[in-house]
Amino acid sequence: KPVWLKPYRRRARDLAIELLYQAFERSPLLKRMLFPACKNGVMQKRLVWTLCTIVVVLGVGRDLVDDGDVQCAMQLSSRVLPKADSPPPPSILVVGDTGCHKFADPPKLVHRLHLVSAAMADIASQLDPTHIVLVGDNIYENGAEGDLRTIQHVWYDSFPGAHGSLQRPWHMIQGNHDWRSDPTTQIEFTWSSLNQGGFWNLPGFWYSKRVAANDLTIDFFYVDTLVWTEGFSVLVEVGSRKSMAELKEQQKTWLEKELRESAADWKIVVGHQVMYGDSDHVSEAFGRMSDLNELLQKYEVPIWLNGHSHNQEVVQFKGITYITTGAGCKSKSMEICKEWDAATCNMFLPGPDTKKFFSYYGGFLSLTFLSKGTAELVIYGNSSSSVLFTYRIRNRDHRRWLDVPTPYTFLPKHSCGSINVLSASECCPEGCCRSVPDMHVTQSCTDFCEFSRLRCVSAAGIVRELPHTSLLCGMSELSTELNCSMLLGDIPSQYADLMCHCEPKQNEEES
């Protein structure tokens with residue numbers, strides 16, 4: 001450290017870490033030896049500078065470092081050289097679709113769940129997150145089915161019960177699989193004596209939580225997207241179409257009031273279904289959650305979190321970073337738009353170059369709030385040393401996008417003939433005569449079709465471990481037809497969902 005370098009020490013440190021990261025990439029042996037030390041924050045200044053001198057001698061130059069490497073390098077530098085006497089910035093872990101368990105799922109899925117859980121424990125011991133967010137589909141395939149012990153076996157035994165560093169508050173929402181049976185069971189578990197340590201937090205279908213640390217305030221708003229989209233399974237709980245609409249309006253009124261009154265530095269909205277995503281589930285911003293997306297824009301929400309698709313993905317558009325993390329145990333999603341084709345991709349993404357990252361692999365993510373203006377996203381794979389992606393998120397970055405036109409977006413057809421199909425979820429592009437509704441275990445395709453004054457032609461099962469998109473329109477070739485009156489809860493175990501084929505009734509007498 002020559003004297004003339006002192007004014008440039010901070011930049012020199014950052015460059016050194018960048019170069020070290022490049023060395024890791026070029027030398028597997030060096031990476032195996034030193035990367036865990038960096039990750040654990042035990043590497044000291046002297047060792048960093050010594051190694052970086054070697055790196056420079058080896059000829060790894062600054063021109064070889066791109067922006068993505070800088071992101072990773074800054075992540076490393078923040079852990080390698082922490083400021084003395086400075087508390088760590090507030091952070092959270094986020095994981096989704098973790099509901100696999102040994103009683104119903106193949107061993108490979110349970111194994112992946114355990115890998116993700118162990119990796120989360122490693123990162124939790126390093127970051128000490130304020131809480132952990134679980135973005136729905138907490139129990140496969142049919143929710144808790146009224147049994148509080150199921151939650152204990154599926155969630156607690158895999159996470160807080162297995163790893164001490166995961167014994168901290170968990171903030172939950174429910175997904176479509178949780179709504180397949182009594183969704184109030186998971187709410188009741190919050191106050192149950194079986195909720196060991198009180199770590200499970202799900203006080204209602206929607207709720208908010210505030211985190212205050214390091215002179216930062218962060219408001220989290222948890223919404224129930226099955227209620228928002230008026231999913232067909234909600235009908236069992238509320239009894240009528242009118243009540244479904246009223247429940248959605250209650251949640252919408254609540255969220256707008258909360259967002260309007262929030263004076264927090266950061267506002268984060270969490271849901272289960274996908275807002276924008278290049279995968280097997282529809283992008284709800286183009287249809288049933290367009291009004292929710294408008295609220296995010298109106299109140300300058302910088303981050304939306306969801307699960308549902310079994311992959312990890314980042315989409316950035318008009319000041320909002322849309323993050324999918326639904327790979328807690330399943331990873332069967334397919335990437336549709338590896339290259340931009342407007343005819344196809346406008347159904348999934350808001351425009352070219354908006355997708356920043358996509359991964360099929362299992363994993364989770366962390367969010368660290370570095371300041372009022374910047375947060376760091378890190379996406380992990382099945383191990384704590386598997387950093388798949390890092391990204392700096394800017395807060396209140398919406399206004400510079402005001403004059404940017406919104407690209408053409410695909411508006412899905414929710415009709416069968418001239419009839420609007422109510423509560424349709426996944427539909428074929430040509431319409432919703434064939435669709436995969438979010439059903440309750442006590443509902444059938446006959447129930448679904450009749451709800452929209454249609455009649456059921458046939459029902460078919462969607463085979464487990466195959467992406468929905470590949471099945472929607474060629475379903476009859478890929479799975480066996482079932483009876484229209486068969487309840488979702490009675491379908492054979494090789495199927496994960498029902499595809500309902502409806503058609504308009506032929507005459508007035510039928511309707």
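Strand β13 is mostly covered, with 6 of its 7 residues buried; a residue is termed buried under 20% relative accessible area, exposed over 50%, and partly exposed in between (1.4 Å probe, protein chains only). Helices (H or I, at least four residues) and strands (E, at least two) are DSSP runs, numbered from the N terminus. The structure is a predicted model, in which local features need pLDDT of at least 70 and side-chain atom pairs count only at pLDDT 80 or more, while totals for chains, interfaces and linings use all residues. Residues are numbered from 1 along each chain as its sequence is written, and side-chain values use heavy atoms, with hydrogens and water left out.

The protein chain contains 14 helices and 21 strands. Of its 511 residues, 57% count as buried. The protein chain exposes about 21,200 Å², of which carbon and sulfur atoms supply 52%; accessible areas come from the Shrake-Rupley method with a 1.4 Å probe, and for residues only the protein chains shown count as cover. Among contacts (heavy atoms within 4.5 Å) in the protein chain with a separation of 6 or more, 72% come from residues 24 or more positions apart.

Strand β13 belongs to an open sheet of 7 strands with mixed pairing, arranged in the order β4-β3-β2-β1-β12-β13-β14. The edge strands, each pairing on one side only, are β4 (200-201) and β14 (387-394). Two strands are taken to pair if DSSP finds at least two bridges between them. Strands of a sheet pair through backbone hydrogen bonds, either parallel or antiparallel. On one side, β13 (residues 374-380) pairs with β14 in the antiparallel sense over 7 bridges, and Thr374 has Arg394 of β14 as its bridge partner. A hairpin through 6 residues joins β13 to β14. Strands β12 and β13 also run antiparallel, joined by 6 bridges; here the bridge partner of Thr368 is Glu376 in β13. The hairpin from β12 to β13 passes through 4 residues.

Helix α10 (residues 241-261) packs against helix α11 (residues 290-298) at an angle of about 10°, the axes lying 10 Å apart. Helix α10 is therefore roughly parallel to α11, given that angles under 35 degrees count as roughly parallel, over 145 as roughly antiparallel, 65 to 115 as roughly perpendicular and the rest as oblique. Lys248, Lys252, Leu255, Glu256 and Leu259 of α10 meet Asp291, Leu292, Leu295 and Lys298 of α11 in this contact. By class, the contact has 4 nonpolar, no polar and 5 charged residues; Ala, Val, Leu, Ile, Met, Phe, Trp, Tyr, Cys and Pro count as nonpolar, Asp, Glu, Lys and Arg as charged, and the others, Gly among them, as polar.

Two loop residues complete the description. Thr190 is placed in the loop between α7 (184-188) and β4, and it counts as buried because its relative accessibility is 15%. Leaving aside neighbours within four places in sequence, Thr190 is in contact with Asn195, Trp200, Asn201, Leu202 and Pro203. Gly417 is placed in the loop between β15 (415-416) and β16 (419-420), and it counts as exposed because its relative accessibility is 60%. Its C-alpha atom is separated by 7.7 Å from that of Cys433, 16 residues apart along the chain.

Definitions and conventions:
Axes fitted to C-alpha atoms, helices over the stretch in contact; angles between N-to-C directions.
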